[in-house]
Amino acid sequence: MLKNNFKIAWRNLTNNKVYSAINIMGLAAGMAVALLIGLWVNYQYSFDKYLPNYGQSYQVRRNFNSNGDTLTFSSTSLKLADALRNNYPEIEYVAETDGGREHGLMVGNTKLLLTGKQAGADFFKIFSFPFIEGNADGLKDPYSIVLTESTAKALFGSKNAMNQMVKVDNKNNLKVTGIIKDLPANSSLALNYIIPFSYFEIVDPGVKAARKQSFGNNGFELFAKLKDGIKYSQLAPKIKNMEQYEDNLNAKNSDVIMQPIQDWHLYNTYTNGKASGGFIEYVRIFSIIGILVLMIACINFINLTTARSEKRAREVGIRKAIGSQRKQLILQFLTESVLVTFVAFLFAIVIVLLALSSFNTLAGTSIFLPYTSGWFWLITLGCTFSTAIIAGSRPAFYLSSFNPVQVLKGTIQTARGAALSRKALVIVQFSCSIVLIISTVIIYQQIQHAKNRPTGYATNRLVTSTTNDDINANAVAIKHALLQSGAVASITTSSSTATGINWHSDVDNFPGKNPGETVEMGMIAVSEDYFKTLGMQLKEGHDFIGNAKADSSNVILNEAGVKRLRLTNPVGQTLTKFGRKMNIIGVVKDALMDSPFQAADPSLFFFDGGGNIIYRLSPGMNTHEAIEKVSAIFNSYSPASPFAYRFVDDDYNQKFNLELLVGKLAGIFAGLAIFISCLGLFGLAAYVAEQRTKEIGVRKVLGATVAQVWLLLSKDFVLLVVISCVIASPIALYFLQNWLNKYTYRITIGPGVFIISAVAAITITLLTISYQAIKAAIANPVKSLRSE
Amino acid sequence: MLSLQHISKYYQVGGNKNFVINDISLDIDEGEFISIMGPSGSGKSTLLNIIGMLDEPTDGFHYFVDQPVHQLKEKQRAALYKQYIGFVFQAYHLIDELTVYENIETPLIYQDVKGSERKAMVADMLDRFQIVGKKDLFPAQLSGGQQQLVGIARALIAKPKLLLADEPTGNLNSKQGEEIMELFRKLNKEDGVTIIQVTHSEKNAEYGTRIINLLDGRVESSRKL
């Protein structure tokens, strides 16, 4: 029976090549999309799961109450680390780290500038990275370093790195006491080496001192592992207020919370102190899109199969007449759908294999087809089978319901109901596709909108490099040499890069401050020529004098900062910060240093300088030549560290990465959705043209032109697409308005995008069906009439 | 073998009943070979379909091998049908996607006959109808007469007690038609298969043992030969 069913199914497949091809291609494309999205979603959920202590590891964060707004920070104090370590038996390990920064690593002539962490002794007990050689104990010696496999290879080549020395920041030799495997791509932590925190405390006395200072001294990251069997919910109420006994405004307004490792990647946005969302939203949206595209492909299958039912009706009649029960017919049609779906699944696997590397490049992932995993096959084959049953049920039940007497007499009409539900399904397909098209257009409009937004400073030819001790020691000479060389037009230093503000803190006092109020702002230390170099414009007052002593009590605010402090005539007023009175000497216009989608961050600039050198290349000189010259100067003063630089406009453009990724993915899936929908339409148009061959023949004999016949066949389909546009537009508007609300700086959705999308959808529809319509229209009527 | 009592079939058109079969009562014994005749629209095919349980009457009582068909559930009816009845169509109605062999085999599959047994039965049938050489051909590759032979072979494969034929020779030339009729007579005489055929041809009707004439959904005359 089953064998027989498969035989028939196979013959039906091969006898109707066009229909089969459309069915299989559509389903394969739909399944490939679903599979790809499934793999992508699985990849996003797989983050950090490779760590053995996945279930019990946490990052410590602070919810900071800033005048009623809860801001969540990952920067914490060393005092908090010790307090957690010593006072809570529920916590097994606590490890303090820096934020992860670049250090120069040197072995012989090999110089590398790589990001790594300086981490407390228990770091490896929380994150049990697999050691290839050595072990975590080595970190007990401050003068040790653990490298990842590829860092070891880059520094030592084929030589064994164990127990060799690496010179860090051209200062001290650290002994390699362990080599760990490279962290996988789906790891939230990204590091190339680990240096003991104790070393950090030796080279930076400020760090050692910080341990004895207050909870307000936040500049470190903390990780913790709870004891097995302890739930975070048990611990949470105990640690929440632990900072608040300290007489310190910052600590008083901080709640201590922990975020479990499984939420690090997906729940990276905090609102009101709760990890409310973040990347997970996109993971959810794309899961839905995957299911929708698969559904669109299933609709093709349903529509084409029921449309062809007239051809199959006679067979159904005969089978019933020679003793088949309905059940058996249903089984037969389901067998056909299973066969088609599994053939499509094979194609889908091939498509995914071919597309995977481009997809990985596009999405910045490292997804692979886990073909050795039993679960993978179980799930995909299960899904394929369910798809077959879902897509096959409607045709199976419909076809098997025919009355044998009627179909054998040839009196059956394709039921109006079937044609109607076919139309409804087409509308569903096109509505989904059009929603995706509109979304893509709006996402790109929003990106373009933000890209066109004035940044408030000039990013072109602006370059950032980081300092090190050698550079700091020769700062004046380097500045002089750079300006002298003609390669650099202007140069300054700052605690933040031009595209980020890495320190937020509260202003202790200012005119009009309410009691108990904390006002948090971006704090940016700058040196001479900062505003000039970045191209920021002073609105009021004057720039720093350029003299460290004279400027030590001067600050400049940006416009947003003035607003946050509610100052009306800021210049000349004083505020308290760093424990002393500071004069507001000027106000600069807002610049978008953080998100291009949000309002400019309120910021306070003070005169100190910092770890980032920011300089603008001279406009007259070719970029390549200028960088060569700059590189030579840096290398001569800082021989131990490779010269590294970043263009500010590149950094700025990276702020659009997430939106661009979403836009690209939405675009691809919209394209595929409309492609699959059109594939189905193509098949339906062929069916309609075939069904109406006689009518068309008669009309042509009566004098209808090709254009008239084309119109006759096309208008029904166009109507469906128009209805789809009408349905899709408000749905898209609703979802996209929600999406846009995340952005302070956003476009207003006008009618244009809906019109453009509708016109595009109708044009594509017309192109798709015109082939069939024109083919039917130019056929010789004598032929079509004779064939009746 | 079967008995129809006051069988009617009508369609409601507006306020009127449009009778296709109008109060027909009919008894058929085992071993009969009945030819149903009558002009187009007289209800011949509908009657045949009702007898064959492909169609249901609107009114009346239908007994088949002493079972009240009008009271049976769909499933029981199907079982009865499978066991006792074979159908032959004017337009042959072979399944285009299946070979001659597979077409003949299909009813056995629906009756859950085992594979080896099926093979023997189909081989036997092919032999009997002398179409062994054609077993791997598809219907489109056969002449009309040959297709109808396959159709009859398919109808007989499950050894039905009752063979229903709706104008079995209607699409055939006279020589092919005669051969089929000879075959029917032989089946009736030698194998004892009860046959009911619908025909337009007076000559073909003469092969039967009884001729029933229908007119406007009623039995106009019935004569034994």
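The model is predicted.

**The sheet in chain B**

Six strands of chain B build an open sheet. Their order is S6-S7-S8-S3-S9-S10, and the pairing is mixed. Strands S6 (85–88) and S10 (218–224) of chain B stand at the edges. Each has a single partner strand, so one side of each is left without a neighbour in the sheet. On average, neighbouring strands of this sheet are turned by 15° against each other, direction ignored.

In general, strands of a sheet pair through backbone hydrogen bonds, either parallel or antiparallel. Strand S7 (residues 162–166) and strand S8 (residues 194–198) of chain B run parallel. Five bridges join S7 and S8 of chain B. Within this pair, Leu163(B) has Ile195(B) in S8(B) as its bridge partner.

Helix H5 (residues 144–156) of chain B lies across S6 and S7 of chain B. The angle between H5 and S6(B) is about 170°.

**Where chain A meets chain B**

How many residues does each chain bring to the contact? Chain A gives 18 residues and chain B gives 17 residues. On the chain A side, helix H1 (2–15), helix H12 (309–321) and helix H15 (404–409) each supply at least two residues. H1(A) gives the most, with five residues. By residue class, the chain A side that touches chain B divides into eight nonpolar, seven polar and three charged residues.

**Two aspartates with positive phi**

Asp529(A) has a positive phi although it is not a glycine. Asp66(B), also a residue other than glycine, has a positive phi as well.

| Residue | Phi | Loop |
|---|---|---|
| Asp529(A) | about 65° | between strand S18 (519–526) and helix H19 (530–534) of chain A |

Is Asp66(B) buried or exposed? Asp66(B) is exposed, because 8 other C-beta atoms lie within 10 Å, and the cut-off for exposed is 12 or fewer. Asp529(A) counts as partly exposed, because it has 19 C-beta neighbours inside 10 Å. A residue is buried if that count is 20 or more.

Note on methods. Residues are numbered from 1 along each chain as its sequence is written. Chains are lettered from A and ligands numbered from 1 in the order in which they are written. This is a predicted model: local features need pLDDT of at least 70, side-chain atom pairs count only at pLDDT 80 or more; totals for chains, interfaces and linings use all residues. Two strands pair if DSSP finds at least two bridges between them. Helices (H or I, at least four residues) and strands (E, at least two) are DSSP runs, numbered from the N terminus. Axes are lines fitted to C-alpha atoms, for helices over the stretch in contact, and angles run from 0 to 180 degrees between N-to-C directions. Two residues are in contact if their C-beta atoms, placed from the backbone, lie within 7 Å. Ala, Val, Leu, Ile, Met, Phe, Trp, Tyr, Cys and Pro count as nonpolar, Asp, Glu, Lys and Arg as charged, and the others, Gly among them, as polar.
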